[in-house]
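Visitor: Could you take one part of this model and look closely at how its aromatic rings are arranged? I would like the cut-offs stated as you go.

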Amino acid sequence: MSMDQCHSTVGAKPVLKPRAVSHEGVGVSGRKYWRSVEDLADTPDFREWLDKEMPTGASRLLESSRRSFLKLMGASVALAGAATIPGCRRPDHKIMPYSRVVPENVIPGKPMFFASSLPLPGGEVEGILVETHENRPTKIEGNPLHPINRGKSGLWAQASILGLYDPDRLKDPVLTTLPGEAGSTPRSWEDVAAWFGPHFDALAAGRGQGLWFVLDKRLSPTRDAVRAMVEKRFPDARFVSYDPLHTDVA
C-alpha cells in the first residue's frame with residue numbers, strides 16, 4: 001500500500017471511526033507497538049483497508065442464523081462437487097500385473113529376488129540383487145556373491161530405481177532441433193519408421209560414408225551383435241565411444 005504520510009502536503013483527513021484496540025493494548029507490557037509503517041501513520045486509507053480486512057464483530061456473523069448458513073454452505077458445496085467431479089476426476093486405469101495365468105511361485109505381498117548385473121559408466125559392471133513385488137522392482141542392493149562389489153551397491157544402482165519410475169522419462173521419440181530453432185517436437189514410432197527407410201537406404205548406397213554413431217561405454221554382448229549387423233550394412237560407418245560422466249573426461 002502506497003500513501004503519502006506527510007499531513008502537511010495533503011492535509012489532515014478525518015478518521016473514519018475510532019480504533020477497536022489501542023496501540024497500548026496490543027502488548028502485555030503496556031508498550032506501544034505498530035505492525036507496520038502504515039499502522040504508525042494511521043491514515044484514513046489504512047483505516048479503511050484495515051476495517052475491510054478484519055471487520056469488527058466478524059465472529060458474531062454466524063450467531064443469528066448459524067443453521068441457515070450451514071444449510072446453504074452444504075448445499076453449495078454439494079452442487080459444486082457434483083458439477084466438477086465428472087470433469088476433474090482422474091481417469092480410472094485398471095492395472096493388471098498378470099494375465100489369466102499367474103506365474104508360478106508368486107505370492108502377493110511376498111518379495112522375490114533376482115540376481116542381475118548393472119552396467120556402469122566406463123564399461124564396468126556391478127552385481128546386484130533386485131527385490132521385486134509382483135515382478136515390479138522396488139529395491140536394489142549389491143549381490144554378496146559377486147566377486148567385484150561383494151554385496152555393496154553404488155549410487156548408480158540406487159538411482160536406477162528412480163529412473164525406472166520417473167514420470168518424466170521419454171516414452172516416445174522426440175525430434176530435437178538445432179540451436180536457435182523452436183523446441184523439440186514429439187513424434188510417434190510410425191514417423192520414425194517412415195523417416196528411417198529413405199534416410200538409411202541412401203546411406204547404405206554409399207556404404208555408410210559420413211554416418212557416425214555416438215555410444216556410451218558399455219559391455220554388452222547384445223549391443224555388440226547389433227553393432228556387427230550395422231557394420232555389415234554400413235562398412236564405412238564410424239563408432240565413437242563417449243561418456244560425459246566418466247572420470248576419463250577430467
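**Aromatic rings, from helix to strands**

Guide: Phe196 and Phe200 both lie in helix α6 (residues 189-205), four residues apart, which is about one turn of the helix; helices (H or I, at least four residues) and strands (E, at least two) are DSSP runs, numbered from the N terminus. This is a predicted model, in which local features need pLDDT of at least 70 and side-chain atom pairs count only at pLDDT 80 or more, while totals for chains, interfaces and linings use all residues. Residues are numbered from 1 along each chain as its sequence is written, and side-chain values use heavy atoms, with hydrogens and water left out.

Five aromatic pairs are found in a search of the whole structure (ring centres of Phe, Tyr or Trp, the latter by its six-membered ring, within 6.5 Å; planes under 30 degrees apart are stacked, over 60 edge-to-face, the rest tilted). Phe196 and Phe200 form a stacked pair, 4.8 Å centre to centre with 25° between the planes, and together with Trp195 and Phe234 they make up one aromatic cluster. Phe196, at 39% relative accessibility, is partly exposed, whereas Phe200, at 14%, is buried (buried is under 20% relative accessible area, exposed over 50%, partly exposed in between, with a 1.4 Å probe and protein chains only).

The rings of Phe213 and Phe239 are also stacked, because their centres lie 4.9 Å apart and their planes meet at 15°. Phe213 belongs to strand β6 and Phe239 to strand β7, so this pair ties together parts 26 residues apart in sequence. Phe213 is partly exposed, with a relative accessible area of 21%, and over the ring of Phe239 sits the charged end of Arg227, 4.3 Å from the ring centre (NZ of Lys or CZ of Arg within 6 Å of the centre and within 35 degrees of the ring normal).
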